[in-house]
Amino acid sequence: RRPPYTVIWCIVINFVLVTGFWFVPWPVIQNFMFSLHKTFWFPLVMASWLIADVPATNELAPDRFRALAALDDRAAIDRLLRAKHFALWIITAPITVFAALVIGIVTGAWAAMVIAIVFVLCSPLCSVGIACIIGVRWPYHELPVRVRWRERRNWRPMLLRWGVLVLLPYGLVPTLTAIGLAPSALAWAGAYVAGVRGNGLDAALLGGLAVAIPMTLWLWHRATAYAARSTVRNAERLRRYLSDPRRG
C-alpha cells in the first residue's frame, strides 16, 4: 500500500485486461486471446492473469533494500518470498472467488462453482512459487520507460532483457497454473473416456482436486525453498546488480 503501488496497479490492469478481452463482443479477439471459453473458465483464467506480472516474477528488485539486507540469510529470503506470495494471494483470491460465486449463483452449477473456488484458492500459490525462481535469477529494476528509452544504446539490459522479462510471465504463469489443474483434468478425461457423464464428471474433477491441492502446496513450498537457496548461492552477483538501478 505504499507508493508507487506496483502490485496494486499490476492487479488492476490485469483485471481490466482479462475482463475486457473475455467479454469483448468480437469472437475473433476472444479466440485469439483465450483457447478456453466455457463460463467457469473465467475465474480460472482470471486467477492466472492477476498474478502474471511483476509481482510474480520480479520479487527482489522492487524491494531491493530489504532483499540486500537478507541476501546471505536463506531463511530470511525464504520468509520474504513467502510473505510476498501471501500478500499477492490475499488480494487476488477474493476477486476470483467472487467471480466464481456470481457465475455459480447465475447458472446454478453448484458443483462447478465449488471446483472453481477450490482451484482459484490453491493453484496461484503453485504458480508464484515456481515463477519466483525467474525473479531471483533474472531480476530487473523498475525504471520509467522514458529512462529506458533514453538509455536505449545500452539496449541489452535496458530493452531486450527487460522486455522479455515483462512479457514472459503472461505465457509462463498460465502454463504453471495448468500444472495445478493437471490431476483434475486427467481425472475428468479418464471419466469421460470411460463413458461417465453429468454429475459423474463433476465427481471426477473433485477427486482430481483431492490430489491437486496437496500437490500445488508441495510445489509452492519446494519451489520457494529452491528460489531462496538459489538467491544465497548467487548473493554476490545479485548484490552487485541490486545495488545499481542504472543496470536496468
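Me: How many salt bridges are there, and what makes a pair count as one?
Reply: In this predicted model the count comes to six salt bridges, the rule being that a side-chain nitrogen of Lys or Arg lies within 4 Å of a carboxyl oxygen of Asp or Glu.

Me: Why is the pairing of Asp72 and Arg239 called a salt bridge?
Reply: The N to O distance between the side chains of Asp72 and Arg239 is 2.9 Å, and because the limit is 4 Å, the pair qualifies as a salt bridge. This pair links distant parts of the chain, with Asp72 in the loop between α5 (64-70) and α6 (74-107) and Arg239 in helix α11 (residues 235-242), 167 residues apart.

Me: Are these two residues, Asp72 and Arg239, buried, partly exposed or exposed, and how do you know that?
Reply: Asp72 has 57% relative accessibility and therefore counts as exposed, the cut-off for that word being over 50%. Arg239, at 22% relative accessibility, counts as partly exposed, because this value falls between the limits of 20% and 50%.

Me: What makes Glu236 a partner of Arg239, and how are the two placed in helix α11?
Reply: The closest N and O atoms of Glu236 and Arg239 are 2.8 Å apart, which gives a salt bridge under the limit of 4 Å. Being three residues apart in helix α11, they are separated by about one helical turn.

Me: Which residues are linked with Asp63 in a network, and why is Asp63 called buried?
Reply: Asp63, Arg66 and Lys84 are linked in a network of salt bridges. Asp63, found in the loop between α4 and α5, has a relative accessible area of 16% and is therefore buried, the cut-off being under 20%. A polar contact of 2.8 Å joins the side chains of Asp63 and Arg66, and, leaving aside residues up to four places away in sequence, Asp63 touches Leu80 and Lys84.

Me: What makes a set of residues a nonpolar core, and which members of the largest one touch the most others?
Reply: The members must be buried nonpolar residues joined through side-chain atoms within 4.5 Å. The largest such core has 31 residues, of which Val18, Phe34, Phe40, Phe42, Val45 and Val120 touch the most other members. Helix α7 provides the largest share of this core, nine residues. Apart from this core lies another, of 20 residues, among them Leu80, Ala228, Tyr241 and Leu242.

Me: How do you know that the protein chain is as compact as a globular protein of its length?
Reply: The chain has 11 helices and zero strands. Its radius of gyration is 20 Å, close to the 18 Å that the globule rule gives for 248 residues, so the chain is as compact as a globular protein of that length.

Technical notes. Residues are numbered from 1 along each chain as its sequence is written. This is a predicted model: local features need pLDDT of at least 70, side-chain atom pairs count only at pLDDT 80 or more; totals for chains, interfaces and linings use all residues. Side-chain values use heavy atoms; hydrogens and water are left out. Helices (H or I, at least four residues) and strands (E, at least two) are DSSP runs, numbered from the N terminus. Buried means under 20% relative accessible area, exposed over 50%, partly exposed in between (1.4 Å probe, protein chains only). A polar contact is a pair of N or O atoms within 3.5 Å; within protein, one must be able to donate a hydrogen and the other to accept it, and residues adjacent in sequence count only if both atoms are side-chain atoms. Contact means heavy atoms within 4.5 Å. The radius of gyration is taken over C-alpha atoms; the globule rule is 2.2 Å times the number of residues to the power 0.38.
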